[in-house]
Amino acid sequence: MTRKKIVAGNWKMNTTITDGTALAQAVTDGVTPIKTTVIMCTPATHLHTVSEIVKEKSNIHTGAQNCYPAEKGAYTGELSVSMIEAVGAEYIVIGHSERRTYFDESGDFLAKKVDITLAGGLTPIYCCGEALDIREAGTHVKYVGNQLKAELFHLSAEDFGKVIVAYEPIWAIGTGVTASPAQAQEMHAELRQLIANQYGEEVANGTSILYGGSVKPANATELFSCPDVDGGLVGGASLKAELFVPIIEAMEAL
Ligand code: PEP
C-alpha cells in the first residue's frame, strides 16, 4: 500500500485572525499540491475562516491542535470533535509534547482523545518523541515505542490505519536543532516495524509517519528523502508562507 505524503503546519498559539487569514491565503495561493496532503493546524478561532480559504485547493486542509475527550457538557473552555468538524477541520493534533509537558496530559488521556477523534470521523495526528536525556541514555527507540504501545495499540487495525504518526524529538522542537536524516530514519523504521509486529505489514506500510523538529526549507529535502519519513509536522516555519511553501515544494519535487 502506498502511504500519503503529508506536510502539516502547527501554528501553535500564534497569529490573530487577521494575520492567520493572510498566512492561509498566501499558502493557498502559493502552491497547488498534487501528491502532497497539506494541513494547516491553526488556532481554533481561525478554523472556520481558514477552512473556507483552503477549499480552493483540493489537497489543502485544516486541523485543530487539541480536543477534549467528551462529546459535550460541562467542560469550560474545551472543544469537542463535533465542534471542530462543524467548522471544516478534518485533522486534530494529539499528544504534542507541549501539551504533554505544560498541561500534564497523560497517556491514558491522550488515548481517549485518539478514540474520540476517530469516532467523530476526524484524523488524529498523533505526536510522540523523546526528551534529550532519553536520547543521550540511548533508550529513545524503546521510549517512543512504549508511547505508541500505551496510547495507540488498543486500536483495531482498521482504526490504527486512519492515524497519522508524527515523531517529534523534543530536543529538536523549536530549538533550531534538527534530527539528522539518519536519526529520523532510524526511529521511523523502528516505529514502522513495531506497527508491523502489531498490525501486519499492510497497515505498517500504509501508515504515514511524519518527522517534526525544526524542519525548514534547507533541510526538508534530505529529511523527506528518507524511505520511512513520509513528510513533516512543521512549527516555526509554518508561520511564514515564504518558508512553508518551499517545504511543501520540497515534498512535491521528490
Ligand atoms: C512542532 O511544534 O510540532 C514543531 C515541530 O516545531 P518546530 O518546527 O518549530 O521545531
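Let's start at lysine 12: an N or O atom in its side chain is 2.5 Å from an oxygen atom of the ligand. That makes a polar contact, meaning a pair of N or O atoms within 3.5 Å; within protein, one must be able to donate a hydrogen and the other to accept it, and residues adjacent in sequence count only if both atoms are side-chain atoms.

A word on where this comes from: you are looking at a predicted model, where local features need pLDDT of at least 70, side-chain atom pairs count only at pLDDT 80 or more, and totals for chains, interfaces and linings use all residues. Residues are numbered from 1 along each chain as its sequence is written, and side-chain values use heavy atoms, with hydrogens and water left out.

Histidine 96 has a polar side-chain atom 2.8 Å from a ligand oxygen, and at serine 214 a polar backbone atom is 2.8 Å from an oxygen of the ligand. On its own the ligand has 290 Å² of accessible area, and the protein covers 96% of that (Shrake-Rupley method, 1.4 Å probe).

Who is around it? The ligand is surrounded by 14 residues, and the closest are Lys12, Glu168, Gly174, Ser214 and Gly235; to be counted, a residue needs a heavy atom within 4 Å. That shell divides into 4 nonpolar, 8 polar and 2 charged residues. Here Asp, Glu, Lys and Arg are charged, Ala, Val, Leu, Ile, Met, Phe, Trp, Tyr, Cys and Pro are nonpolar, and the others, Gly among them, are polar.

Helices here are DSSP runs of H or I, at least four residues, and strands are runs of E, at least two, numbered from the N terminus. Is arginine 100 buried or exposed? It counts as buried, because its relative accessibility is 18%; buried means under 20%, exposed over 50%, and partly exposed in between, with a 1.4 Å probe and protein chains only. Its side chain has a polar atom 2.8 Å from the backbone oxygen of glycine 95, and there is also one 2.8 Å from the backbone oxygen of cysteine 127.

Threonine 117 sits in helix α5, residues 107-119. This threonine 117 is buried, at a relative accessible area of 0%, and its side chain reaches the backbone oxygen of lysine 113 at 2.7 Å.

Last, please find alanine 74, in the loop between β3 (60-64) and α3 (81-86). Alanine 74 is exposed, with 80% relative accessible area.
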